[in-house]
2 protein chains.
Amino acid sequence: MSQPKSAEPRPYHHGDLRRALVDAARRLLEAEGPSALSLRAVAREAGVSPAAPYHHFKDKAELLDAVAHEGWEILGAQMTEAKNTATGMQQLTALGIAYVCFARDNPALYRVMYDAARDKEALPDEMEGKSESAYCMVRDTMVEHGADPAAEAHLELATIAAWCGAHGLAEMAGFKQFEHLKDELGGERQFLEAVLNHMGLFQAKHSAC
Amino acid sequence: MSQPKSAEPRPYHHGDLRRALVDAARRLLEAEGPSALSLRAVAREAGVSPAAPYHHFKDKAELLDAVAHEGWEILGAQMTEAKNTATGMQQLTALGIAYVCFARDNPALYRVMYDAARDKEALPDEMEGKSESAYCMVRDTMVEHGADPAAEAHLELATIAAWCGAHGLAEMAGFKQFEHLKDELGGERQFLEAVLNHMGLFQAKHSAC
DNA sequence: GTTCACATCTAAGCGCTGTACAGATGTCTT
DNA sequence: AAGACATCTGTACAGCGCTTAGATGTGAAC
């Protein structure tokens, strides 16, 4: 019953309002889009007063950070799964596809994730180092399939290039201008694969230069 | 003195409030960043009442569209200039560098441009067709340097891939995680070129399939 | 040159937002 | 039983996008 108070702040009145707020935010995000995601609306959705969130988040940006954090975790999980269902060289392609599909299936969440990143001018800290992060997974997979881990700068550039390509495609894929191409190629999935292939960034390369 | 009234709406009281508002918005954007760009602030900056802009723009989004439009024009001009100062195969690289440098030098404007695009789920209409648009310039330059204009889908995929890569890099280049790489490579410019080279999208390729 | 139609701009106001603060309420410790 | 304290509410403020009604300047018609 008595836990050390240094542990996570125990739920009091509400149970776990912090969790409830993040969940409410994600519900709103999916139902109404990013523009409807006001702090007050989140509080309403969670059934508390407009001031209640301030006991769990410094400001609105910190709440959105928490939402974005969950987004990165889900993305990492989906990419892990995609990697495991592919073999050999195709693992890299699978990672790229999984990334872009995540953005397509969760456009509002993806937007919150990068809005937070742009404001901080940085990807979330956990992206560095933690091997289950989406970013490191791309790098590690490149090493597994031929990239030379000793050529550090080269490896990192390749990872960044791939990441940039995937992010660019993720943002552009929904644009109306490309609809006719999707039709010509036989569907969205084919379109995404075709562009990724064109980048050549998601196929294993042996280190050069 | 008497012009056909079908021409552009003549300036009345203010002179040309529409122009003044767009200019004020760009001034605010540069000075205070995107978050300070409220309709009321723009009106204040232009010295008119908060309701005045509504006689020239349907809503705030339409004002931002006008700002974004100017952004695309400036980007197109800078890319044209970059292309003309390079020769042969290096024109494509020059285009990529010019694109990313524009985003680096005008981060707030670049953000407004793509915020508008994301909301509309489309790049601005002028990007299609008009040969001086940034997008078509990339495509045309690819054709000039070896791409087969007959292989339409292939050419368009190559253009999209390049565009996605450049946009991704433009958004990521400012992130703190990459600062150490910039130092290692001898500066930001070297970093940008290295990533673009890694993409391989901005070097002329002969059509293949 | 006066009048009239109309484009332009202002003043005031609505409902919303993010955030601050004071005080009420529930929970744990003693 | 009492005190300490995290938690939540009520209220308030300035700023936001946007609407409406009315004032004001302008070019055209007579």
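These legends describe close-up views of a predicted model. Residues are numbered from 1 along each chain as its sequence is written, chains are lettered from A and ligands numbered from 1 in the order in which they are written. In this predicted model local features need pLDDT of at least 70, side-chain atom pairs count only at pLDDT 80 or more, and totals for chains, interfaces and linings use all residues, while side-chain values use heavy atoms, with hydrogens and water left out.

**View 1. Chain A overall.** Chain A has nine helices and zero strands. Helices (H or I, at least four residues) and strands (E, at least two) are DSSP runs, numbered from the N terminus. The C-alpha trace of chain A spans about 60 × 45 × 30 Å along its principal axes. Of the 209 residues in chain A, 48% are buried. Buried means under 20% relative accessible area, exposed over 50%, and partly exposed in between (1.4 Å probe, protein chains only).

**View 2. The largest pocket.** The volume of the largest pocket is about 1,200 Å³. A pocket is an open set of points on a 1 Å grid over the protein atoms alone, where a 1.4 Å probe fits, with protein on both sides within 12 Å along at least five of seven lines; lining residues have an atom within 4 Å of a point. A volume is the space filled by probe spheres set on the points, which are joined across faces, edges and corners. The lining has 33 residues, and A:Pro34, A:Arg111, A:Asp115, B:Arg111 and B:Asp115 lie nearest the centre. Both chains contribute: α3 (60-85) and α5 (107-120) of chain A, and α3 (60-85) and α5 (107-120) of chain B, each supply at least two lining residues. By type, the lining holds 13 nonpolar, four polar and 16 charged residues. Ala, Val, Leu, Ile, Met, Phe, Trp, Tyr, Cys and Pro count as nonpolar, Asp, Glu, Lys and Arg as charged, and the others, Gly among them, as polar.

**View 3. The second largest pocket.** This pocket holds about 630 Å³ of space. Its lining has 23 residues, with A:Ala103, A:Asn106, A:Pro107, A:Ala108 and B:Glu121 nearest the centre. Two or more lining residues come from each of α1 (17-32), α4 (90-105), α5 and α7 (152-172) of chain A, and from α5 of chain B. The largest share, five residues, belongs to α5(A). The lining divides into 10 nonpolar, three polar and 10 charged residues.

**View 4. B:Gly33 in its loop.** B:Gly33 sits in the loop between α1 (17-32) and α2 (39-46) of chain B. B:Gly33 is buried, because its relative accessible area is 14%. The C-alpha atoms of B:Gly33 and B:Ala134 are separated by 24 Å.
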